[in-house]
Amino acid sequence: MKIVLFDIDGTLVKAGGAGSRALDKAVKELYGAEGVCARVSWQGCTDTENFALVYRYATGKKPTARQFRALELKYLSLLPAEVERSRKTGDYRKLAGVEKLLAELSRRKDVMIGLGTGNLKTGALIKLAPSGMLKYFAFGGYGCDSAVRSELLKKAVERAEKLAGAVIRPGEVYVIGDTHRDVEAAKAAGYHCAAVLDGFGDENAVLRSGAELVTRNFSDLEPWLVWLGLENDPKGVRRGTYVCPDSPIEHAHFGRTGMDLKAIDDGLIKLRKLKSGRKGRS
Ligand SMILES: [Mg+2]
């Protein structure tokens, strides 16, 4: 079974700033501070991180659990109108080709599609609803599961395991995002990672993040299907048209095998263990 986890903002859709407008309004209504979101660099942060930061900018303090919940609820109550506003002004957009990829993946019995997003679950559903793409997602990991991105990805995989009734190995999980933080989180969890450049990520940071695949968007599905191991690479490589290798050795190795260097490290550790075991027995 392959699990493909999609980030929302900048990967599935661009909501035209609806999230930051709703949060700005919530902060203004609750604490009277204006324009605090302009001071926040969102870049793949979870809502939990963003809300804590915004609260601190507005009040100079750390929120208690109750204050945090009040901010969340206010934000969620304002978000639908802001998403609708973006939709009406034409600023709400789907990433090019992403719906085609979702339709393609949803046809396959060996693939499960989920969300891996820093949005609160309710916020995620509100942001995705106008896209008509909610129907593709039966599960996910959200900003309300953890403030740490790699942890919320693991939560999504746990839910996929329950739905599939099977154990999912990290090598079967593919994370797609638009910022270096998406890539870092996927790597920290031991999952495959790929990124698009048409989202909200800093392009240089994304290119340097060591994602296995980086493309502008999803308008050409072939590299995506090759990366997911669902189509053969015409060049004969099992997967991995990957941009910006960390070193020439990695590049050559990946080109030959489609494996990253961690696989080599793991292999060496295993080999050493085997050798020392043999010595012990002789
Ligand atoms: Mg994003």
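User: Happy to look at this with you! Is Arg159 buried, exposed or partly exposed?

Analyst: A residue counts as buried if 20 or more other C-beta atoms lie within 10 Å of its own, exposed if 12 or fewer, and partly exposed in between, with C-beta atoms placed from the backbone. Arg159 has 19 other C-beta atoms within 10 Å, so Arg159 is partly exposed. This is a predicted model, where local features need pLDDT of at least 70, side-chain atom pairs count only at pLDDT 80 or more, and totals for chains, interfaces and linings use all residues. Residues are numbered from 1 along each chain as its sequence is written.

User: Thanks! Which helix holds Arg159, and how far apart are its end C-alpha atoms?

Analyst: Arg159 sits in helix H6, residues 149-164; helices (H or I, at least four residues) and strands (E, at least two) are DSSP runs, numbered from the N terminus. The expected span is 1.5 Å times one less than the number of residues. For the 16 residues of H6 that should be 22 Å, which agrees with the end C-alpha atoms of H6 being apart by 23 Å.

User: What do the buried residues of H6 pack against?

Analyst: Leu152, Leu153 and Val157 are among the buried residues of H6. Contact here is C-beta atoms, placed from the backbone, within 7 Å. The buried residues of H6 pack against strand S1 (2-6), strand S4 (111-116), strand S5 (140-141), S6 and H7.

User: Which residue of S7 is the bridge partner of Val175?

Analyst: Strands pair if DSSP finds at least two bridges between them. S6 (residues 173-177) and S7 run parallel and are joined by 4 bridges. In S7, the partner of Val175 is Cys193.

User: And which residues does Arg216 touch?

Analyst: Arg216 lies in the loop between S8 and helix H9 (222-227). With 13 other C-beta atoms within 10 Å, Arg216 is partly exposed. Arg216 and Asp198 are 18 residues apart in sequence, yet their C-alpha atoms are 5.3 Å apart. Not counting residues up to four places away in sequence, Arg216 touches Val196, Leu197 and Asp198.

Methods:
Contact = placed C-beta atoms within 7 Å.
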